[in-house]
Each structure stands twice: as C-alpha cells, then as structure tokens.
Amino acid sequence: MGKDRLIVILGPTAVGKTALSLDLAAALGTEIISGDALLVYRGFDIGTAKPSLAERRGIRHHLIDIMKPDEPYTVTLFQQQAAACIHELNAAGKIPILAGGTGLYVQALLEGYAFNQAAGHEAFRREMAALAEREGSAALYARLQQADPQAAATIDPHNVRRVIRALETQHYGGESISRQRQADGTAGSLVYDALVIGLRRERQALYARINARVEQMFAAGLADEVRSLLARGVTPEMPAMQGIGYRETAAYLRGELTREQAVEQIQLHTRHFAKRQLTWYRRMPYIEWFDVDTLTPAQLLARVQMRVKAWLEQPLEA
C-alpha cells in the first residue's frame with residue numbers, strides 16, 4: 001500500500017503561508033490542516049493571526065479551535081490528529097495541505113518521530129519552576145540549551161511551561177526529545193509522499209512584515225481580546241496564554257508595560273521566534289524553498305502550481 005500524499009507549506013511567521021495555502025487549496029479543491037501549535041485554542045484569534053471564517057473562503061480547516069485554553073497541546077497529540085486527517089482526506093481522493101510554522105510539530109509528523117512518554121515528575125517540575133522564579137526564565141532556558149540545544153532551538157525562552165517540560169523529558173526520558181524517531185526510520189526520511197514547500201524572504205523584509213503585523217494586531221483589538229479572555233477566567237498561567245503576544249498584552253493590561261513597550265516586546269520576541277524557526281528548518285533537507293520577496297501572490301501561486309503538477313505526475317511512493 002502506498003504512502004498517503006501531502007503538500008506542506010511552511011516558513012517563518014509572517015512570511016505569507018496562510019495566503020498561499022488558501023490560494024492553493026482553492027485551486028486544488030482540497031482542505032487545509034493547521035500545523036500551528038496555537039491555532040488549536042478557541043478564543044485566541046487575533047494574537048495567533050488565525051484566519052477568520054471569511055478569510056477561509058469556505059475552505060475547510062482542520063485542527064483549529066479544538067482545545068480549551070487550559071488544555072496542554074502536545075506534539076504527540078498533533079501527530080495523531082494530523083495523521084488521521086491526512087489519511088481520511090487521501091481516502092476521499094484529496095491531497096491535504098498542511099500549513100504552519102511549528103517546526104517540531106511538522107518534522108515530527110513528516111519523519112514519524114516516536115517520542116517516549118515520560119511521566120510527569122512533580123518534584124522536578126516544582127524544582128524547575130522555583131529556579132525560574134528565583135533566577136528568571138533566562139536561567140532556566142540556559143539549562144535547556146546546555147542539556148538539549150536542538151530542543152531549545154524550537155522553544156520560546158519565555159515559555160517557562162514548555163522549557164520545563166523539555167527539561168523533564170530530557171532528564172527522565174533517556175533520550176533527547178529532538179532525536180527520537182520511528183524505530184525503522186532514519187533522520188530525514190519521510191513517512192508520507194510529501195511535497196514540502198518553504199517560503200522565505202530577505203531578513204529585513206520579513207522583520208518589517210512582523211513589525212507591521214503586530215501593529216495591525218493591536219489595531220484589530222488584541223488588547224480587547226486578551227481582556228475578554230482574562231474576564232472569562234483564562235489565567236496567564238494557562239498553556240494558551242504562553243504564546244507570544246498574549247503574555248506581553250496581559251502584562252500591559254496589568255499596568256506592567258505601556259502599550260508601546262508591549263508592542264515592541266511582541267515584535268522583538270516574534271523576530272527571535274522567526275530566527276529559531278529558520279534554524280529548525282535547516283535540519284529538514286527535503287524542503288523546496290521559494291524566495292517570495294519579488295513575487296506577487298499570483299506569481300507565487302503559479303510557480304507552486306507548476307511544482308505541484310510535476311510532483312503529481314511522479315509515480316506514487318511505495
């Protein structure tokens with residue numbers, strides 16, 4: 001039996017993945033699977049740049065708005081849910097488009113990572129949380145960089161919960177979370193017949209788009225969104241509130257930052273996140289990169305469609 005087929009569109013945040021995935025899905029008559037770890041949370045829309053119902057143009061999206069803010073979302077859960085979607089759509093005669101920028105999630109899915117299921121170790125977690133409280137999140141992140149630099153490259157240094165989880169897995173699991181793969185696979189081998197398209201822009205152009213996007217988020221009501229979430233009982237400690245944009249805006253609403261400081265911090269943290277994404281993608285040699293600085297959306301779509309056509313004409317992988 002042949003492998004399920006899949007088109008992947010990835011790249012750093014704000015590069016233009018959503019627009020291309022929508023254009024391509026419309027052209028191919030298919031559906032989109034989100035590969036973003038934050039789009040799963042209901043009510044977290046503006047700060048995650050979640051496409052609105054109008055922007056989705058009637059194209060069905062999977063793995064969006066499926067979790068409550070207090071529910072942790074893991075890479076293993078993503079693997080299971082995405083794999084089920086991919087198989088179901090292939091069985092229906094559609095080749096889905098996986099769109100997203102969470103590098104670990106996408107690579108784990110494509111290469112069939114087999115993560116050990118390290119049990120929770122409350123004493124260790126409390127010890128690490130106390131370290132973060134005592135010495136700051138930077139000290140905690142430095143410990144992860146020393147213990148597992150590859151895993152650290154995928155994690156926001158300010159996301160204390162995820163840093164602690166990575167340290168816990170590394171400490172008790174015996175193997176680094178960034179090195180576990182399917183038992184019969186090798187690094188870089190894919191468990192899908194996948195066309196993996198990467199979008200990239202010149203760094204300053206990408207940073208300008210990031211800065212503009214953050215300004216647009218505040219203009220669109222990010223502060224009101226966070227205020228509403230807090231009023232409904234969402235706390236800053238919940239998993240969904242650890243995302244870039246939300247914790248800084250919550251600090252602004254508590255009076256710890258001015259609006260201008262919150263915007264600047266979100267812009268800075270997002271730029272750093274984009275750098276970490278690109279670092280991660282360099283370990284995925286099967287990505288076919290498209291430089292999009294000088295292309296209009298129509299030109300980019302046409303080029304990608306040509307590549308998809310050539311790929312579809314190839315024999316199915318066994």
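At 5% relative accessibility, Tyr105 counts as buried, where buried means under 20% relative accessible area, exposed over 50% and partly exposed in between, using a 1.4 Å probe and protein chains only. This comes from a predicted model, in which local features need pLDDT of at least 70, side-chain atom pairs count only at pLDDT 80 or more, and totals for chains, interfaces and linings use all residues. Residues are numbered from 1 along each chain as its sequence is written, and side-chain values use heavy atoms, with hydrogens and water left out.

Tyr73 is buried too, with a relative accessible area of 6%. A search of the whole structure turns up six aromatic pairs; rings of Phe, Tyr and Trp (its six-membered ring) pair if their centres lie within 6.5 Å, with planes under 30 degrees apart called stacked, over 60 edge-to-face and the rest tilted. Tyr73 and Tyr105 have ring centres 6.2 Å apart and planes at 45 degrees, so this pair is tilted. Tyr73 sits in the loop between β3 (61-62) and α2 (75-91), and Tyr105 in helix α3 (residues 103-111), so the pair ties together parts that are 32 residues apart in sequence. Helices (H or I, at least four residues) and strands (E, at least two) are DSSP runs, numbered from the N terminus.

Elsewhere, Tyr41, Phe44 and Tyr246 make up one aromatic cluster. Two arginines also sit on tryptophan rings: Arg5 lies over the face of Trp311, at 4.5 Å from the ring centre, and Arg283 over the face of Trp280, at 3.9 Å from the ring centre. For a charge to sit over a ring, NZ of Lys or CZ of Arg has to be within 6 Å of the ring centre and within 35 degrees of the ring normal.

Now for the sheet. Six strands form an open sheet in the order β3-β2-β4-β1-β5-β6, with parallel pairing; two strands pair if DSSP finds at least two bridges between them. The edge strands are β3 and β6, each of which pairs on one side only. Strand β5 (residues 193-200) is mostly covered, with seven of its eight residues buried. Six bridges join β5 to strand β1 (residues 5-10), and the two run parallel; here Leu6 stands opposite Ala194 in β5. Four bridges join β5 to strand β6 (residues 288-291), again running parallel. Ile197 stands opposite Glu288 in β6, while Leu199 has Phe290 as its bridge partner in β6.

As for helix packing, the axes of α2 and α3 come within 9 Å and cross at roughly 55 degrees. Axes are lines fitted to C-alpha atoms, for helices over the stretch in contact, and angles run from 0 to 180 degrees between N-to-C directions. α2 and α3 are therefore oblique to each other; angles under 35 degrees count as roughly parallel, over 145 as roughly antiparallel, 65 to 115 as roughly perpendicular and the rest as oblique. α2 passes α3 in a right-handed crossing (left-handed if the near helix is turned anticlockwise from the far one by less than a right angle, right-handed if clockwise). Helix α8 (residues 203-219) packs against helix α11 (residues 259-281) at an angle of about 140 degrees, with their axes 9 Å apart. That makes α8 oblique to α11, and α8 passes α11 in a right-handed crossing.

Finally, Ser228 is found in helix α9 (residues 222-231) and is partly exposed, with a relative accessible area of 32%.
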